[in-house]
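Hi everyone, thanks for coming.

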Amino acid sequence: MRGISKRVFLRSTGLIAGTAILGIRRARATEGWDVIVVGGGTAGLPTAIFAAERGAKVLLIEKSGLLGGTLDRSAGQIAAAGTKFQSAKNIQDTPEAHFEDIMRITRGTCDPALARLLVDNATATIDWLADNGYTTLPEHPVIEGEHEAFTTARYLWGPEGGRSILKVLKPQAEAAIAAGKVTALMRTGAVELMQDVKGAVIGVITEDSDGLRAEHTGKSVVLTSGGCASNPKMFEDLHGVPLYARAAYPFSQGKGIELGVAAGGYVRGGEKYLCNSGSVLADINYPSPIFGSAVTDPRRRQPWEIIVNRRGERFVREDHPSVDEREHALLKQPGMRSWVVFDQEMLDKAPPLMPALGNERMLGLFDAHPMFAKADTIEGLAKKLGITPNGLIQSVANYNDGQAKGVDIFGRKHMPLPMARAPYYAVAQQGITIISFAGLAVDNTLRVVKEDGEPVVNLYAAGEVLGAGATSGNAYTNGMLVTPALTFGRLLGSKLLPLRTA
Ligand SMILES: Cc1cc2nc3c(=O)[nH]c(=O)nc-3n(C[C@H](O)[C@H](O)[C@H](O)COP(=O)(O)OP(=O)(O)OC[C@H]3O[C@@H](n4cnc5c(N)ncnc54)[C@H](O)[C@@H]3O)c2cc1C
């Protein structure tokens, strides 16, 4: 503990008595790292790979037994302007156009400095992936996926989603480990940061799977330990919204956020929370696994049904072309809960509402699964759902009236059938998110900053530990988590960290 004030050390570790320290069993301490990377996932792997390539002595701390983090399940959708993939298809694009799209889609709610850092550097990241074997689906780049469309086709993803990216990163990381350039401590979590008397970060305390603690000192520490979307308590504390879905990487426990705050940083972005629409949960208790998806996106399937809230009221033009509009409308509804309501004729004539399930299997779920209900009358259906009967009766009457006249009160265009033939059905949808919006504030060189704007010396962060709000704003912006995670990791490793070889 040379150079560390005991008082500051105790404060930063949260340990309140010397006996507590003496009582901890120790693993081997290490010292002299140029970079200590906390978390070997989407952002941490490129940080370690590029820092090692630059000649740095890198310690990579990974809590799980695997490298890759959320890339095991992420769709891995990424975007940049001027990539090799665009050039191959003669698509003209510029970082400025990408920046403008991000600002339009986020309505200016992301951090513009981080958006700028991203658009200016993401092209090199994606080209580096391409040079190292990354391929995309043949029709890519495209203009849109499940989120709001770009103005130019720059959005792409691999045939295996996030795993297509991991297939590039993992061998590179493993080669650096095999060459002794990166030392990886697996099944070992960062539990505290070490600080000197002035508050500069000087190392990390880890705990391995046997509960052994060790101190590791280094010049820079990079927090790349992911978000908090698997930690219901922290998620709700930071966003003011319950964590409805259990779908994030289990190790996304928000530990990096906690470490950054304990070292002097602060959290921002919880107010940028936005829910996705269309998810059907497995259980009424949350966080719940996602059971399936009812397709309410008119780009994939025009709606035949109506969508109502807890009061039985419609709240959005169901066929609104903007997914962002529909998500923001759902965000304002009580509990972010909605019900897709339809009758027998709609069920018979419309394309399947849940294509992955099919109508036959879906029919078996009504009144057998908590999210599926069926009744002979509209009133009976509302009662089963626990929503206001008069509200639903009125909504159906208004919809039928508008459908007959061809003029809907919400401006809906696609209204092939009235809702008039019993039985009536409803599928409950929950507005959810599988990412966290709140995270550590950083400056435009990815230094963790205090509320007064001063950096916490030697402490950096990248990836979802920054919070989706920082890069994706109060919106779901195409690729604005994986692309910044990869790009900011690459930038930290290749130039932003002050290595001795720099
Ligand atoms: C299903 C799904 C689909 C998604 N699709 C997209 C998409 O298409 N496009 C997009 O832009 N975004 C998408 N996202 C979000 C995006 O994938 C993540 O934000 C991003 O991968 C997170 O990268 P990260 O490096 O911050 O975290 P991770 O990749 O999760 O890496 C963090 C690592 O840190 C480790 N760790 C955690 N705590 C500690 C600790 N205390 N000590 C040491 N190690 C620790 C973890 O085990 C993990 O390996 C999706 C997310 C999900 C869940």
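I'll start with the ligand, then turn to a pair of helices, and finish with some backbone details.

Before anything else, please keep in mind that this is a predicted model.

So, the ligand. Which residues come nearest? Of the 34 residues around the ligand, those are Thr42, Glu62, Thr70, Glu464 and Val482.

Now follow the backbone from alanine 75 to glutamine 77 with me. At alanine 75, a polar backbone atom is 3.1 Å from a nitrogen atom of the ligand. At glycine 76, a polar backbone atom is 3.3 Å from a ligand oxygen. And at glutamine 77, a backbone N or O atom lies 2.9 Å from an oxygen atom of the ligand.

Let's move on to the helices. Please find α13, residues 378-385, and α14, residues 389-405. Their axes are 8 Å apart, and the two helices pack at an angle of about 135°. An angle over 145° would count as roughly antiparallel, so α13 and α14 are oblique to each other. What is the handedness of the crossing of α13 and α14? That crossing is right-handed.

Last, the backbone. As a reminder, most peptide bonds are trans, and most residues other than glycine have a negative phi. Here are some exceptions to look at.

The peptide bond from tyrosine 286 to proline 287 is cis, with omega near 0°. You'll find proline 287 in the loop between β10, residues 276-281, and β11, residues 290-293. The bond from alanine 422 to proline 423 is cis too, again with omega near 0°. Proline 423 sits in the loop that runs between α14 and β15, residues 424-432.

Then there is asparagine 90, which is not a glycine but has a positive phi of about 55°. Its place is the loop between α4, residues 84-87, and α5, residues 95-105.

Terms used:
Residues are numbered from 1 along each chain as its sequence is written. This is a predicted model: local features need pLDDT of at least 70, side-chain atom pairs count only at pLDDT 80 or more; totals for chains, interfaces and linings use all residues. Side-chain values use heavy atoms; hydrogens and water are left out. A residue is near a molecule or strand if one of its heavy atoms lies within 4 Å of it. A polar contact is a pair of N or O atoms within 3.5 Å; within protein, one must be able to donate a hydrogen and the other to accept it, and residues adjacent in sequence count only if both atoms are side-chain atoms. Axes are lines fitted to C-alpha atoms, for helices over the stretch in contact, and angles run from 0 to 180 degrees between N-to-C directions. Helices (H or I, at least four residues) and strands (E, at least two) are DSSP runs, numbered from the N terminus. Angles under 35 degrees count as roughly parallel, over 145 as roughly antiparallel, 65 to 115 as roughly perpendicular and the rest as oblique. A crossing is left-handed if the near helix is turned anticlockwise from the far one by less than a right angle, and right-handed if clockwise.
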